[in-house]
Amino acid sequence: MNRERTLNIYCLALGALGWFWLLASAPQVASGTLFLFVILAVLIELVGFRFPATDAHSLVGIVLLGAALALGPTNGALIAALSSLLYALIYAIFIGRARSFSMLVARPLLRSSVRAMGILSGALLARTLGLAGAEASWPAISLVALIPCYVLIVYLSRFLREYLQGGQNGLSTWWRASWSLFLFGEVAPLPLAALVAVIYSQLNLSYFLMAAAALIAASLSLIHISEPTRRTPISYAVFC
């Protein structure tokens with residue numbers, strides 16, 4: 001069995017598992033709220049970047065975990081899955097990659113499912129530790145469980161993807177190139193999700209839109225800060 005077929009099987013299997021868990025959790029969120037968070041998450045990803053070529057970096061985790069706090073983890077997981085799926089399809093269709101089965105089906109399914117599973121597993125841990133609030137709104141302290149689970153599941157999925165795609169050598173090359181950007185560019189800002197949740201829950205829509213604009217501006221700044229230190233060009237559209 002060649003590497004591409006093995007990778008597709010992995011993507012489909014894990015993708016099916018994540019979507020089954022999500023749908024079994026029965027998320028319920030108003031369509032306007034769903035649209036608002038999904039569009040914001042997609043925009044944040046569109047102004048992310050890839051370095052190296054196979055790895056994605058963006059601040060979207062702040063939005064997704066913020067949604068999990070403000071709306072409850074089940075609804076946050078739905079937003080994570082839908083926004084990731086929508087972005088992956090936009091990227092595959094409009095941003096110049098080959099329109100293969102892997103890019104149009106397998107990887108979008110994987111991308112959307114692992115983010116949903118990261119949030120759902122974090123919610124499970126939070127309940128176990130007694131950190132959970134009402135389903136409609138979770139306290140910021142629950143990030144103690146949400147962040148490690150989200151990071152672990154998303155990064156492990158990338159780890160396995162790179163191993164299946166490039167073997168041990170490919171995995172080692174990817175790890176050396178990406179770990180610092182992932183840690184400092186994606187993981188370190190995640191506590192800001194608490195601020196996103198508070199702004200959405202306690203202030204009016206105009207403040208939330210200003211916060212969204214600030215996140216987009218921060219994403220663009222991250223690109224320009226990182227780019228001069230790189231020996232190879234950064235691609236401005238991300239895909240995982």
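**Reading the helices and cores**

User: Happy to start with F35. Where does F35 lie?

Analyst: In this predicted model, F35 sits in helix α2.

User: Why is F35 called exposed?

Analyst: The label exposed needs a relative accessible area over 50%. F35 has 59%, so F35 counts as exposed.

User: How far is F35 from I79 in sequence and in space?

Analyst: The two are 44 residues apart in sequence, and their C-alpha atoms are 8.6 Å apart in space.

User: Which residues does I79 touch?

Analyst: Leaving out residues up to four places away in sequence, I79 touches L34, F37, V38, L64, A67 and L71. A contact here takes heavy atoms within 4.5 Å.

User: Which residues touch the most other members of the largest nonpolar core?

Analyst: That core has 56 residues, and L22, L64, L65, I79, I119, L143 and Y150 touch the most other members. Elements giving two or more residues to this core include α1 (3–24), α2 (31–46) and α6 (143–187). The most comes from α6, with 12 residues. Another core, of eight residues, lies apart from this one; Y10, A106, L110 and V114 are among its members.

Technical notes
Residues numbered from 1 in each chain as written. Predicted model: local features only at pLDDT ≥ 70, side-chain atom pairs only at ≥ 80, totals over all residues. Heavy atoms only, no water. Core = buried A, V, L, I, M, F, W, Y, C linked by side-chain atoms within 4.5 Å. Buried < 20%, exposed > 50% of the residue type's maximum accessible area, 1.4 Å probe, protein only. Helix = DSSP H or I, 4+ residues; strand = E, 2+ residues; numbered from the N terminus.
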